[in-house]
Structures are given as C-alpha cells and as structure tokens.
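I opened my notebook to write down what I looked up in this structure, entry by entry. The sequence and the model come first, and my notes follow.

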Amino acid sequence: MSAALQIIAAGPGLSLQDYGRPGFLGRGLSRGGAMDPLALAEGAALMLMPAGDALAIEMAGAGGRFRAEGAALLIALTGAPMVAELDGVRLPWPGSFLMPKGAELRIGGALAGSYGYLSVAGLQAPRVLGARSAHLAGGIGGRLAAGASLPCVPAPNPGGLKLVPEDRFGGGTIRILPSAQTDQFSAATLARFEATEFRKDARASRMGARMAQDGGGFSQDAHLGILSEIIVPGDIQVIGDGAPFVLLPECQTMGGYPRIATVISADLARVAQAAPGAPIRFRFVTLDEALAARTAAAKHRKTLPDGVVSRVRNPADIADLLAYQLVGGVISATHDPED
Amino acid sequence: MPSPFPSLHRMGEAALLVAFADHLSMPVNAAVLAFRAAVDAADLPGVEETATSLKSVLLRFNPDLVDHVTLEGQIQALLAERDWISGEMPHNRRLWRIPAVFGGDHGPQLEEAAALAGMGADAAIAAICATRLRVMTIGFAPGLPYLGQLPEGFDIPRKTELNPAVPKGGLGLAIRQMVMFPVETQTGWRWIGQAAFDGFRQDATVPFALNAGDEILYRAVSVMEFEDSVAGLATGQDAMAEVLP
C-alpha cells in the first residue's frame with residue numbers, strides 16, 4: 001500500500017491550499033490560495049523541504065482525525081495553534097513530527113487565530129489552471145471530507161524541528177493604503193475609520209471578513225453610485241449597512257461597493273488569521289512603509305530555514321510545553337469538534 | 001472644464017487603475033478593451049496581469065520590478081498615443097450564437113422583468129434575441145460575462161433581495177445588461193432564462209470560452225431543444241462561434 005494520509009473525521013473547513021493561482025483576475029477568478037501563506041513556508045522549512053511548491057491542508061477553526069497509511073509520514077503543524085495529539089500524546093505547535101505507520105493524529109480547535117495548517121511531506125493533488133489550491137467559491141476542488149485518502153511519500157526525515165512563529169493570530173493594528181475610491185470618503189470619515197476599534201465578525205470566510213463595531217457606519221459622504229469595479233484581495237469595501245468588509249484571497253473579482261482603503265500585502269494574513277471577536281484597528285501608512293514591509297516579509301519567508309531548530313529537552317522547553325497544555329485543556333473542552 | 005478622464009488611481013502597493021469614465025457607454029467600454037489590448041501588447045516590465053471592468057483597466061504589477069512613478073509614466077505615454085474613445089474595437093473577436101430558454105422554471109422572473117421594462121414577455125424575448133450583446137467585461141465569478149447593452153427600456157434595477165440559487169447558464173437581467181452565470185450563484189439580478197453554455201471548464205485546454213469584446217446572439221428555444229443542447233455540451237458539441245471581421 002502506498003503512502004497516504006487518510007482522513008478519518010474532518011472539521012467543517014478543511015481544504016488543500018498552496019499559494020493560489022494568480023493571473024486570472026481578468027477571467028473573474030481571484031488568486032485564492034492559503035489564507036496564511038507564511039504558514040505554508042513555515043511548514044516546508046520544518047520539514048526541510050523547498051517552500052516554493054508547498055501544499056498543505058488548511059483547517060478553518062478546527063482540524064479532524066487523520067491516519068498514516070502505508071508508511072511512516074513526515075508532517076508539520078503551523079499557522080493558528082490547535083490542540084493536537086499523536087496517538088494520545090500532545091504535540092507542541094508549530095513543529096514537525098514523524099507520524100508512524102498506522103498512527104492517528106487528532107487536531108482539535110484553535111487556541112488562537114483561525115487557520116491551522118497540516119503539511120505532509122510529498123502531498124500530491126492534481127493541478128487545475130496551474131495550481132492545486134481548492135477555490136471553493138469558484139468551484140475548483142472542494143472541501144476535504146472523511147474518507148479521503150491523500151497520496152504523499154514515506155517520511156524523508158524524522159522531523160522533530162521547531163521554529164518561533166511570527167505572532168499574527170490576535171488581530172491588532174492593520175496597515176492600509178488608499179484605494180481607487182478612498183478620496184470619495186471625507187477626511188472626517190477616514191479619521192473616524194482609523195480611530196475605531198473593530199472586532200472581527202464571526203461570519204468570516206475565505207472570501208472576506210466583516211468588521212463589527214458599535215458606532216455609526218462608514219458610508220461615503222457624497223454618494224456617487226459606483227459602477228462595479230475590479231477588486232483585489234485586501235480591498236476594504238463598505239457594504240450597504242456601512243460596515244467595512246475586508247476582501248480575502250478567495251474574493252469575487254468585481255464589486256459595486258466603494259472601497260475605503262486596501263490592506264497592505266504584509267498584513268493581509270493577520271486579518272485572515274484574527275480569531276472571531278479579535279480587536280482590529282486600521283492605520284494608513286505611506287507607500288514607502290508598505291513596500292518596506294513587503295520586502296521585510298519576503299526576507300523573513302526566505303530566511304525561515306535559518307530559524308528552524310531541533311526540539312531539545314531542556315527545562316526551559318518543558319516549561320513552555322506545560323504552558324501550552326494548560327491553555328489547551330481549557331479551550332478544547334468547548335472548541336474540540338470531537339467532543 | 002477639461003474631462004478628468006482617463007484618470008489613474010493607485011490601488012494599494014501593487015495595482016493601478018486606469019478609469020475612462022464614471023459611467024458606462026459602449027464607446028467607453030470599447031476604449032477599455034482597446035487600451036487593455038495595448039497594455040498587454042506593450043508587455044511592460046513588472047506588469048503581471050491586466051483586467052477590465054465596464055469602464056476601466058486594472059494593472060497588477062510587482063513593485064519589486066517596477067516602481068509606481070515609472071509605471072504611471074509609461075501608462076500616461078500610452079494614453080497620449082491616441083484618442084481611445086474612438087469606438088475602435090480590438091481584433092480577433094467572435095460572435096457566439098447560443099440557444100436559451102426564457103421564462104417558466106428556467107427563468108421565473110421573466111414576466112416581472114418584462115413588466116418593469118413596459119412590455120409583455122414575448123416582446124422582451126424578441127428584443128433580447130434581436131440585440132447583439134457585447135461581452136463588455138468578465139468578472140465577479142470565473143468566466144461570468146457582463147453583456148450589453150439592451151434597449152433603454154431595460155434600464156431596470158436589481159432586486160433588493162437575492163435569488164438564492166440561479167443555476168449554471170442562468171441569465172440575469174438589470175440596468176440594460178445581462179449576465180450569464182458559469183456556476184450556480186446567488187444574485188440580485190432578475191432571473192429570466194437559462195442558456196445552454198459552459199463558460200468555465202476548469203479541466204479543458206481552453207477553460208474560459210468567452211473573451212471580453214466577443215458578441216452573443218441568443219436564440220430562444222423550447223425546453224426540449226434546450227435540454228438537447230445541454231446534453232450536447234457534455235459531449236463537446238459547443239455553441240456556434242464565428243470570427244468577427
């Protein structure tokens with residue numbers, strides 16, 4: 001029997017994701033791909049694999065149960081930390097692990113953030129329009145369900161590595177730039193937009209996330225009636241009720257709502273990863289600042305392998321592990337889909 | 001007062017929008033299609049893809065390869081080359097003849113749309129099928145064409161509540177335009193018919209059949225002929241297309 005990862009039970013938001021398929025904006029297909037592309041690169045680094053062709057199981061909110069079939073498998077857990085156990089033994093997150101043949105991996109609810117990633121060495125999936133990502137809104141691929149068997153390769157190394165993840169799971173200040181319709185909002189509205197603390201609405205999806213707050217809406221002051229205009233991921237449209245809505249990588253490509261601003265590329269995953277209810281503020285930055293952040297993010301991705309180290313048993317690490325388990329035990333009682 | 005158009009707008013760190021008007025007209029849309037073709041032909045360094053709306057062209061670029069000011073200068077130079085609102089369309093366009101069934105279970109809001117347009121259902125079908133509809137742009141969902149323009153009477157608003165599930169091939173009508181859904185979609189456009197057409201085949205060599213600038217003539221058919229045509233699609237028998245001069 002060849003090496004495969006068997007899905008025994010699946011949470012509601014499991015799909016295969018790579019870096020998406022840019023290039024089809026003019027065809028009505030947004031680029032899609034992982035909500036947190038850094039997590040793909042972290043997974044590759046932890047498995048000592050090239051980051052460029054990373055493919056992982058994206059898990060929205062919670063994971064599922066998985067079994068190693070045919071061979072021992074090499075896996076990595078990255079992105080939003082989730083409660084994970086391998087044959088009943090709690091796993092630290094992020095990290096890479098050897099999953100013995102026949103072993104069962106249980107991944108429960110997220111402890112922070114929204115999207116966790118399960119990378120498997122040699123995971124294979126057919127390419128559609130050049131990429132292996134599911135594009136749920138566009139009807140490409142689909143959600144992963146119980147019973148699926150995902151072909152991969154026998155473990156090329158034993159894993160056992162860790163890294164320090166960039167903190168991107170708690171919302172916070174999101175840097176923005178003007179978009180094509182920003183000048184249709186008054187200075188007062190833009191100032192109030194920057195001064196408002198929003199909460200990420202629970203009804204977020206791969207297409208977008210609504211920003212909730214208790215004050216008045218942010219509609220244009222002079223309503224000009226916009227003919228549908230092209231959308232790029234990161235755009236913040238102000239929908240009919242005046243609420244800002246951040247468009248994420250799987251968004252529609254055309255929309256008639258005015259765009260108040262656009263999130264810089266370096267901060268978009270932070271919006272996607274913020275847990276429901278997490279506080280979010282927006283702050284306009286200069287183009288130079290946005291470009292510097294973009295360059296820094298690219299450099300960080302490139303140097304991830306330098307930060308990968310072995311999980312060694314020393315007192316400091318044990319204390320860290322205990323802390324994780326303490327928190328995990330509390331959260332999993334309500335969020336673990338297996339309960 | 002000189003026209004503010006065409007105008008350039010930055011959209012974040014890696015996109016530039018070239019707007020040709022703040023309203024839709026067929027000459028404006030022709031300018032958009034012609035300018036996009038010119039940008040694509042210029043093959044500017046750093047430009048990764050282009051797209052159009054009804055009235056503008058978007059360039060997505062890599063700011064590591066070209067800076068905003070340089071690209072904006074190149075776009076201004078291209079804009080200055082000629083008057084783009086001249087109505088001249090790009091070449092290699094096609095005319096599609098597509099069978100469609102109107103009304104009934106395949107278009108339950110035909111009568112309502114026709115009434116809003118001040119005519120009966122039969123007159124509305126005749127008017128739609130007599131209009132060569134241009135694919136003015138493609139967007140929202142993969143392979144979804146915005147078709148226009150219908151005669152002025154069809155300037156009817158979208159519905160405020162959404163149709164929960166218009167099927168693949170479903171035809172929506174609003175604001176002198178039609179849309180043809182490539183996948184089952186939730187929409188505020190009035191659902192008036194269903195076309196035997198597959199606008200997005202993800203595994204095909206040519207996954208997207210239509211190009212912006214193509215034209216469509218619908219042919220009203222019976223439910224039986226529609227179902228035969230849909231069955232034909234599955235075996236690779238396509239709607240008819242001819243190259244426009």
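Which domains does the domain assignment of chain B give? I found domain 1 (7-79) and domain 2 (94-243), where the bounds come from an automatic or database domain assignment. Before going further I noted that this is a predicted model, in which local features need pLDDT of at least 70 and side-chain atom pairs count only at pLDDT 80 or more, while totals for chains, interfaces and linings use all residues. I also noted that residues are numbered from 1 along each chain as its sequence is written, and that chains are lettered from A and ligands numbered from 1 in the order in which they are written.

**Entry: the two domains of chain B**

I looked up the centres of domain 1 and domain 2 of chain B, taken over C-alpha atoms, and they are separated by 29 Å. Six residues from domain 1 of chain B and seven residues from domain 2 of chain B take part in the contact, with two residues counted as in contact if their C-beta atoms, placed from the backbone, lie within 7 Å. On the side of domain 1 of chain B that touches domain 2 of chain B, helix 1 of chain B supplies the largest share, three residues.

**Entry: chain B as a whole**

I read the secondary structure of chain B as five helices and 14 strands; helices (H or I, at least four residues) and strands (E, at least two) are DSSP runs, numbered from the N terminus. The radius of gyration of chain B is 19 Å, close to the 18 Å that the globule rule gives for 245 residues, so chain B is as compact as a globular protein of that length. For this, the radius is taken over C-alpha atoms, and the rule is 2.2 Å times the number of residues to the power 0.38. Along its principal axes, the C-alpha trace of chain B spans about 55 × 45 × 35 Å. I also saw that buried residues make up 46% of the 245 residues in chain B, where buried means 20 or more other C-beta atoms within 10 Å of the residue's own, exposed means 12 or fewer, and partly exposed lies in between, with C-beta atoms placed from the backbone.

Most residues other than glycine have a negative phi, and most peptide bonds are trans. With that in mind I looked up B:F5 and B:P6, which are joined by a cis peptide bond with omega of about -5 degrees; B:P6 lies in the segment before strand 1 (7-10) of chain B. The peptide bond from B:G148 to B:Q149 is also cis, with omega near -10 degrees, and B:Q149 sits in the loop between strand 7 (145-148) and strand 8 (163-166) of chain B.

Is A:D87 buried or exposed? A:D87 is exposed, with 11 other C-beta atoms within 10 Å, and has a positive phi of about 45 degrees although it is not a glycine. I placed A:D87 in the loop between strand 6 (82-86) and strand 7 (89-90) of chain A.

**Entry: strand 13 of chain A**

I found that strand 13 (residues 172-177) of chain A runs parallel to strand 21 (residues 279-284) of chain A, joined by five bridges; strands pair if DSSP finds at least two bridges between them. Within strand 21 of chain A, A:F284 is the bridge partner of A:I176.
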